[in-house]
Amino acid sequence: MRADVVSRVTRDVEAVTEAVADAVPTFVGAAFAIVLTEAGLTLLDPWLALAAALAIPVQIIVTLRFLRRSRPLYTRLRREEAARGQALVESVAGAGTVRAHRWQDARLNLVAQTSEKAITTQRAATRARNGFNGGLNLAEFIGLGAVLSAGFWRVLAAGLSVGSVTAGALFFHRLFGPIGAVLGSIDDLQRAAAGLERLVGVLLAPRGDPGSFRSIAHHGVLVRDVSFRYGSVDQPDVIEGLSVSIAEHTVVACVGESGSGKSTFAHLVAGLVTPRRGEVLVGGVPAHRARQGGRPAVMVVTQETHLFLGSVADNLRLGNPTATTAQLQDALAALGIPPERFGRDLEAEATARLTHADVQLLALARVALADPAVLVLDEATAHSANDEVLMRAAHRITLGRTTIVIAHRLSQVRDADEILVFSDGRIAERGQFEDLVAKRGGRFAELWAASGGA
């Protein structure tokens, strides 16, 4: 889930960072002020300090109650906000598919439902926070009342001066700020704890039983009687009864209208989703279990390229964490990328000024480093098709491996060994470019004419 990942690396990281940067120093400074103020009260009169301590039980009870209520609320809120973001991202990114299957009302209802859940939880968290603040105010009222009452008694019984009592009351009033800061920072720490829990969850997430992974026997792909649907059982199949065999070391282009099933087909081959019926085999192994050299046998490069903080070398090593600098340079050279494109010192070169085409080149270079048996290119050059270096790299990365190209522009499929034309979750036609264009009344010929050959 892209939105869930984005939520974890943005809002959750932000919550943890703010807690470390703000809450911890505030806690330390306030604790120091509390200790000094309490010492001052004790020096004025121990009974005043003892009276002020009556506020502590109330503060403890209120804080423990808030901790019990807020932690699950913040954790649930993080999940619900991620679900709401995912519903929005899926609906916008797949707008064509949504329209093609007439899912507009269903997707709008999903966005409304996930938003309502998040809002309801946010309101509950706000009520818990308001109750916490009200409890702290009550503790302050009890403590100040006790200090004044004890001071009145000590003036009459022990001759304590009115000035000392006044100083004691002001000392206690001065504690409101630091005590409020200490206990108030608990709210920030609770949010940070919920965020940290989700961040750690990424590292602890099950990655599958290593024993279930299997090495592939060849580089071919076989899809046999596959049906697949997104969501609940009342949704229609996006892929229905699909069977196709892709020979190893060939380039196969998938074309079709939005919602025809071509991207879903690519996700099935990549093992990102599993069919509800039938099987998808890569090298004779189920796609989600297929491995080559200990790594996934299939790699996907989409038009949604990602750039991470750090150097160019750091970004490249996502394809092979153990690669040396020389191997990184060799991977770039193998794709025809000139050294000056990223600078000669890949370890020191930052990524801040890279263009979109540069980021796409990094994604293709990661493929060269990972060296998968099967590659899925889902419009990997969509936004920078006029960059000659990028187009050359996209061509070279397909050599020697089975490649599935999801093409939204028909001009990109001329050099494919075979073209699969998708329609309503099935393959309506398949063949080579010249044959399909020449086929009168054919689906591809209609698409080619409608696109004007572009």
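I call a residue buried under 20% relative accessible area, exposed over 50%, and partly exposed in between, with a 1.4 Å probe and protein chains only. By that rule Phe-433 is buried, because its relative accessible area is 6%.

**Ground rules.** I am reading a predicted model, where local features need pLDDT of at least 70, side-chain atom pairs count only at pLDDT 80 or more, and totals for chains, interfaces and linings use all residues. Residues are numbered from 1 along each chain as its sequence is written, and side-chain values use heavy atoms, with hydrogens and water left out.

**Aromatic pairs.** I paired rings of Phe, Tyr and Trp (its six-membered ring) if their centres lie within 6.5 Å; planes under 30 degrees apart count as stacked, over 60 as edge-to-face and the rest as tilted. I found 6 aromatic pairs in the structure. I looked up Phe-66 with Phe-132, a stacked pair, 4.4 Å centre to centre with 15 degrees between the planes. This pair links distant parts of the chain: Phe-66 is in helix 3 (residues 55-93), Phe-132 is in helix 5, and they are 66 residues apart. For helices I take DSSP runs (H or I, at least four residues), as for strands (E, at least two), numbered from the N terminus. Both Phe-66 and Phe-132 are buried.

Next I went back to Phe-433. It forms an edge-to-face pair with Trp-448, at 5.0 Å centre to centre and 80 degrees between the planes. Phe-433 belongs to helix 12 (residues 433-438) and Trp-448 to helix 13 (residues 443-451), 15 residues apart. Trp-448 is buried too, because its relative accessible area is 16%. I noted one aromatic cluster here, made of Phe-433, Phe-444 and Trp-448.

**Helix 5.** I checked its length. The expected span is 1.5 Å times one less than the number of residues. Helix 5 (residues 104-158) has 55 residues, so it should span 81 Å; its end C-alpha atoms are 79 Å apart, which agrees. Gly-159 follows helix 5 with a positive phi, near 75 degrees.

**Helix 7.** Is it enclosed or open? I counted 7 of the 9 residues of helix 7 (residues 262-270) as buried, so the rest of the structure largely encloses it. Among the buried ones are Phe-265, Leu-268 and Val-269. Just after helix 7, Gly-271 has a positive phi of about 75 degrees.

**Charges over rings.** I count a charge over a ring if NZ of Lys or CZ of Arg is within 6 Å of the ring centre and within 35 degrees of the ring normal. The charged end of Arg-291 sits over the ring of Phe-213, 3.7 Å from its centre. Arg-154 lies over the face of Trp-153, 5.4 Å from the ring centre.
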